[in-house]
Amino acid sequence: MVTGIMMRGEKWMVVFLGWLVCCSYGFEVAVIGGGIGGGSLAFYLSVLDPEIGVTVYERNGYVGGRLDHTTISGNTYNVGGDVWSEVNQYMVELQEALDIPLDDTVVNGSGIGVYSGRGVWLDLQEGLDAEDVRATAAATTKFRVHLSNNYRRRGATGTFSSISEYLAAGSLDTYVAQSTQSLFDGLGVSQAFLDVSVLPVCRTIYDSGDLSLNAFAGFASVLSGSSRTYATRGGNDVFVQTLLANAPSATVLLRTPVTDVARLPTGRYRVTAGSDGGAAEYDAVVLAAPVEGANLTLTGITRPGPARDYRHWYVSLVEAAAPNPDFFLRNPVPDNIYTTHNSTTVPFVVASIVGNSASGQNVYKLFSNKPVAPFVTKLFLHVTETYVRHWPYTFPPLLPTESDFQPIILDDNVYYTSAMESVAVAMEASVTAARNIALLITERNHLM
């Protein structure tokens with residue numbers, strides 16, 4: 001008995017006894033996760049071969065994954081991934097190709113400070129030694145060259161079957177194999193300089209209490225902080241919406257959590273999803289979200305490991321006049337406040353100004369490990385609005401390793417974008433993984 005038909009363009013799907021049967025494309029791909037990885041994968045597959053059918057399963061009621069936005073006083077603010085950098089080649093290419101409108105990432109503010117708590121502020125000038133600045137600038141430029149070489153050596157159609165293979169291009173493996181601290185120690189950069197420059201940036205992006213994170217993630221953070229950055233007008237989740245809107249062979253199923261992916265004797269895969277247990281068969285499946293945060297069973301398919309301990313993260317937006325001098329024991333208080341790992345009296349990791357409202361108020365964004373809402377009236381003057389978003393899965397610890405990576409290929413035609421998140425977590429990392437898997441699917445299945 002046919003219980004329903006969904007149509008879009010040339011693609012049609014028949015719901016038959018709870019089974020979703022795809023009926024027009026010669027090759028069908030299921031993408032589990034509608035974030036930047038899933039969205040870019042659908043787009044790349046559509047470009048590589050318009051005859052590939054793509055179904056994107058998204059458990060939330062929106063596409064974007066860890067990219068989302070909210071509105072305060074008529075202005076839009078990202079509450080997930082904030083920006084990408086001019087060195088993120090694939091993000092820049094996609095934005096230009098699809099003419100995605102950009103937002104201004106520069107906001108008027110009154111300076112930067114690094115706060116240790118209990119009224120103690122680090123002396124930025126004391127920590128900024130000229131030799132340390134030169135050594136750090138040279139090392140960052142060298143990392144940028146290695147990164148550019150990685151893009152160049154992989155080329156337009158080059159693929160990689162493992163994270164180790166990806167890192168070998170451009171010798172990026174040397175960065176992942178050592179900590180950010182050890183690399184800077186080898187350069188002779190003083191700890192005083194690192195405490196007021198590199199560490200605050202790494203804490204902001206990866207909640208790193210020290211510089212033990214791998215040097216790839218560490219230098220990517222420094223490079224992002226010292227390069228031109230971009231954001232999508234209307235919120236970075238609009239970037240994902242645009243990718244999917246330009247993937248004509250893709251169908252998106254919202255509020256459709258996948259519970260099981262099973263390998264069938266035919267070599268195809270059954271994807272079971274939704275509260276009614278509806279299922280469909282596909283030629284290939286891509287997991288485009290961390291399995292650590294998914295209530296997902298893999299039947300006859302190797303589950304990626306080792307499991308990573310993803311950290312949770314609170315993103316808070318506060319509309320207020322200014323930081324409170326009585327709390328920070330400084331007047332005026334900088335509008336951009338970084339903290340040190342031992343600043344236990346401060347309930348956030350970083351607070352930065354991200355907007356100015358028409359009423360004369362400012363909007364501040366805070367990253368924290370716990371809710372800051374109970375503290376905002378102590379932290380800021382004349383608070384008029386507060387918004388809090390909790391992300392249970394943001395990034396793993398990103399410690400140095402030479403080989404402890406999750407696999408990209410889980411089965412003959414099952415792939416995993418989030419293997420890349422053992423190296424770094426960023427929009428560009430997700431797009432890099434998705435682009436590679438789209439090429440792998442077409443290459444391994446002789447679709448190009």
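The structure, a predicted model, holds 21 aromatic pairs.

**View 1. Tyr57 and Tyr282 form an edge-to-face pair.** The ring centres of Tyr57 and Tyr282 are 6.2 Å apart and the ring planes stand at 85°, so the pair counts as edge-to-face.

**View 2. Phe184 and Phe219 form a stacked pair.** The two rings lie 5.1 Å apart, centre to centre, with 15° between their planes. Phe184 is part of helix H7 (residues 180–187) and Phe219 is part of helix H10 (residues 215–225), so this pair ties together parts that are 35 residues apart in sequence. Phe184 is buried, as is Phe219.

**View 3. Helices H9 and H10 cross at roughly 100°.** The axes of H9 (residues 198–206) and H10 come within 9 Å of each other, and the crossing angle makes H9 roughly perpendicular to H10. From H9, the residues Val198, Val201, Cys202, Ile205 and Tyr206 meet Ala217, Gly218, Ser221 and Val222 of H10. Sorted by class, this contact of H9 with H10 comprises seven nonpolar and two polar residues, with no charged residues.

**View 4. An aromatic cluster contains Trp121, and Arg330 lies over the face of Trp121.** Ring pairs join Tyr115, Trp121, Phe327, Phe328 and Phe348 into the cluster, while Arg330 is placed at 4.7 Å from the ring centre of Trp121. In another arginine–tryptophan arrangement, the charged end of Arg389 sits over the ring of Trp391, 4.2 Å from the ring centre.

**View 5. Two proline sites have cis peptide bonds.** Most residues other than glycine have a negative phi, and most peptide bonds are trans. The bond joining Gly305 and Pro306 is cis, with omega about 0°, and Pro306 is found in the loop between strand S18 (297–299) and strand S19 (311–320). The bond from Asn331 to Pro332 is also cis, with omega near 0°, and Pro332 occupies the loop between helix H12 (325–328) and strand S21 (336–339).

**View 6. Ser73 and Asp99 have a positive phi.** Ser73, although not a glycine, has a phi of about 50°; Ser73 lies in the loop between strand S6 (69–72) and strand S7 (75–78) and, at 45% relative accessibility, counts as partly exposed. Asp99, likewise not a glycine, has a phi of about 55°; Asp99 lies in the loop between helix H2 (89–98) and strand S9 (102–103) and is exposed, with a relative accessible area of 62%.

Key: Residues numbered from 1 in each chain as written. Predicted model: local features only at pLDDT ≥ 70, side-chain atom pairs only at ≥ 80, totals over all residues. Heavy atoms only, no water. Phe/Tyr/Trp six-rings, centres within 6.5 Å; stacked < 30°, edge-to-face > 60°. Helix = DSSP H or I, 4+ residues; strand = E, 2+ residues; numbered from the N terminus. Buried < 20%, exposed > 50% of the residue type's maximum accessible area, 1.4 Å probe, protein only. Lys NZ or Arg CZ within 6 Å of the ring centre and 35° of its normal. Axes fitted to C-alpha atoms, helices over the stretch in contact; angles between N-to-C directions. Parallel < 35°, antiparallel > 145°, perpendicular 65-115°, else oblique. Contact = heavy atoms within 4.5 Å. Nonpolar A, V, L, I, M, F, W, Y, C, P; charged D, E, K, R; others polar.
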